[in-house]
Amino acid sequence: MAEFINIDQLEEGMVLADSVVNSYGQTLIGAGLTLSQKHIFMLKTWNVLKVRVKSENEEENEEIISTDVKVRSEQWLKNRIKWKPDNKFEQDIYQMGILNRAKQMMKNGVNE
């Protein structure tokens, strides 16, 4: 079971259970990210007080996504945006977009 953790109790290696969003609904850090010291510092800078992290004994129940679905998902994303990631954070966001679309495709029967 995921639990809320005070920002001062976060440790490197913890995994976010939910995305961290700002007051405008913009995702700052996506769910499933393994926190590094840099991420924790950024959260403190953004004045985030608590985040929900996965517990150590929580099992992953995510379905397996085939390479074919990931490739189709990436193509779908490329056809809709002209932006190219320039740094590690942007690459993470881009990969989250691909995985999110792939999960949607799997949920809807892949034939999209």
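Modeller: The cover over the buried residues of helix 1 includes strand 2 (20-21), strand 3 (27-29), strand 4 and helix 3 (88-107). Helices (H or I, at least four residues) and strands (E, at least two) are DSSP runs, numbered from the N terminus; buried means under 20% relative accessible area, exposed over 50%, and partly exposed in between, with a 1.4 Å probe and protein chains only. This is a predicted model, in which local features need pLDDT of at least 70 and side-chain atom pairs count only at pLDDT 80 or more, whereas totals for chains, interfaces and linings use all residues. Residues are numbered from 1 along each chain as its sequence is written, and side-chain values use heavy atoms, with hydrogens and water left out.

The buried residues of helix 1 are H39, I40, M42 and L43. Seen down the helix axis, they fall within an arc of 160 degrees (taken from the directions from the axis to the C-beta atoms), so they line one face of helix 1. On the other side of helix 1, K38, F41 and T45 are exposed.

Beyond its neighbours within four places in sequence, L43 is in contact (heavy atoms within 4.5 Å) with I7, L10, V20, I29, L35, V48 and V51.

Just after helix 1, N47 takes a positive phi of about 60 degrees.
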